[in-house]
Amino acid sequence: MNTLTIESTLWHQLASQVLDGKPINDEQALSILESSDEEMLDLVAAAFRLRHKFFGKTVQLYFLVNAKSGLCPEDCGYCSQSKLSTAPIQKYRMLTPEQLLDGAKVAYERGSKTYCIVISGRAPNERELQTVETVVPLVKEKYDLKICACLGLLTEENAARMKACGVDKVNHNLNTGREHYAEICSTHTYQDRVDTLNNVRRAGLELCSGGIVGMGESRRDFVSMAMELRSLQVESIPLNFLHAIEGTPLGKHDDISPQDCIRSLCMMRFVNPTSEIRIAGGREKHLRTLQPLSLYVANSIFVGDYLTTQGQPPQADYDMIRDMGFEITR
Ligand code: SF4
């Protein structure tokens with residue numbers, strides 16, 4: 001048996017271990033990130049066994065609206081909306097309920113399962129909370145859409161208000177590993193983010209939380225984030241690949257290969273086999289022609305644009321999904 005065959009068998013053994021209900025450990029997760037390009041197809045095939053077991057060949061689409069852009073007092077190094085950024089982005093205050101309802105129409109017409117209402121800022125103010133409380137029942141009345149709200153840090157009380165108005169889940173990304181967090185942000189802590197996720201859970205909402213690959217983290221940092229997401233039992237994990245924006249502190253980071261993206265997605269799938277895994281920002285830029293391969297591992301994508309960067313045209317996503325024999329489900 002040559003080396004490739006022995007290593008190939010290992011990924012399927014690991015998938016069998018997970019399917020038998022035995023979670024992988026840190027070292028096993030690390031070995032996925034360290035695997036060679038030659039092993040990639042076998043690694044993907046093993047990860048696909050997990051994806052197929054829990055999600056079949058379905059793909060869930062998300063559509064997001066940047067409901068308030070820029071003007072943020074925080075200093076997250078990757079973000080074009082932070083106070084540190086000089087990137088030329090649009091800046092505006094909270095959209096009106098009517099504008100947000102228009103966004104829901106687009107989300108529905110594009111076949112999305114979930115409409116994400118995202119605002120910049122450390123935490124929502126009263127007016128922003130009230131806008132969400134006004135629009136969510138209107139969206140629910142008109143469209144068969146789930147709502148995910150991404151509003152920054154939330155108290156348990158504010159999370160309960162979101163639950164009461166019909167929000168289904170709240171997004172709040174861990175972004176990176178605990179040890180690395182201070183390198184990318186100084187105005188709030190990793191624990192602040194974990195606290196928000198716990199408040200959201202206590203309010204009875206689903207959790208959406210993921211991270212960004214390519215911010216100078218070590219592989220162990222990334223594994224640590226994946227393990228934390230597992231311990232929080234996060235239902236939905238968006239994995240971004242840093243789309244470095246000039247004018248942000250991380251604007252010069254640009255060193256993720258398509259193969260690294262695939263390995264990252266595989267590691268996340270092995271650690272969180274039952275979670276929806278969404279290929280988020282940076283998909284088109286970093287995965288490039290390997291996008292179709294990545295859908296054998298992840299089961300969700302954003303259709304349309306991201307917060308301050310453009311996605312590919314929706315038709316390209318529909319074509320890709322159809323050509324692979326996968327199926328969009330709400
Ligand atoms: S990620 Fe959110 S909190 Fe951080 S700077 Fe950007 S908008 Fe502000």
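Here are legends for several close-up views of this predicted model. Residues are numbered from 1 along each chain, following the sequence as written. Because the model is predicted, local features need pLDDT of at least 70 and side-chain atom pairs count only at pLDDT 80 or more, while totals for chains, interfaces and linings use all residues.

**View 1. The shell around the ligand.**
Let's start with the ligand, around which sit Cys72, Glu74, Cys76, Cys79, Gln81, Ser82, Ser120, Gly121, Arg122 and Gly152. A residue is near a molecule if its C-beta atom, placed from the backbone, lies within 6 Å of it. Sorted by class, this shell holds three nonpolar, five polar and two charged residues. Here Ala, Val, Leu, Ile, Met, Phe, Trp, Tyr, Cys and Pro count as nonpolar, Asp, Glu, Lys and Arg as charged, and the others, Gly among them, as polar.

**View 2**
Helices (H or I, at least four residues) and strands (E, at least two) are DSSP runs, numbered from the N terminus. Buried means that 20 or more other C-beta atoms lie within 10 Å of a residue's own; exposed means 12 or fewer, and partly exposed is in between, with C-beta atoms placed from the backbone. Two strands pair if DSSP finds at least two bridges between them.

How many bridges join β1 to strand β2 (residues 114-119)? There are six, and the two strands pair in the parallel sense. In this pairing, Val65 stands opposite Ile117, and Asn66 stands opposite Val118. Five of the six residues of β2 are buried, so β2 is largely enclosed by the rest of the structure. In a regular strand, side chains alternate between the two faces of the sheet.

β1 also runs parallel to strand β9 (residues 300-302), with three bridges joining them, and here Tyr62 stands opposite Phe302. Two bridges join β1 to strand β10 (residues 327-328), again parallel, and Val59 stands opposite Ile328.

**View 2. Helix α3 crossing helix α10.**
The axes of α3 (residues 40-55) and α10 (residues 258-271) come within 10 Å and cross at roughly 35 degrees. Axes are lines fitted to C-alpha atoms, for helices over the stretch in contact, and angles run from 0 to 180 degrees between N-to-C directions. The crossing is left-handed, a term for a near helix turned anticlockwise from the far one by less than a right angle, with right-handed used if clockwise. On the α3 side, the contact uses Met40, Leu43, Val44, Ala47, Leu50 and Arg51; they meet Gln259, Ile262, Cys266, Arg269 and Phe270 of α10. Together these residues divide into eight nonpolar, one polar and two charged. Two residues are in contact if their C-beta atoms, placed from the backbone, lie within 7 Å.

**View 3. Met40 in helix α3.**
Met40 is found in α3. Is Met40 buried or partly exposed? Met40 is partly exposed, because 18 other C-beta atoms lie within 10 Å. Leaving aside neighbours within four places in sequence, Met40 is in contact with Gln259 and Ile262.

**View 4. Helix α9 crossing helix α10.**
Another view of α10 shows α9 (residues 219-231), with the two axes coming within 9 Å and crossing at roughly 35 degrees. This crossing is right-handed. Phe222, Ala226, Met227 and Arg230 of α9 make the contact with Ser264, Met267, Met268 and Val271 of α10. By class, the contact residues divide into six nonpolar, one polar and one charged.

Which residues does Leu174 contact, leaving aside neighbours within four places in sequence? They are Tyr190, Arg193, Ser209, Gly211, Met225, Glu228 and Leu229. Leu174 and Glu228 are 54 residues apart in sequence and 8.7 Å apart in space, C-alpha to C-alpha.

Asn175 sits in the loop between β4 (169-171) and α7 (181-184). Its phi is near 75 degrees, a positive value in a residue other than glycine. Most residues other than glycine have a negative phi. Asn175 counts as buried, because 23 C-beta neighbours lie inside 10 Å.

**View 5. Arg288 in the loop between α11 and α12.**
Arg288 is placed between α11 (283-287) and α12 (291-294). Phi of Arg288 is near 50 degrees, a positive value in a residue other than glycine. Arg288 is exposed, with 11 other C-beta atoms within 10 Å.
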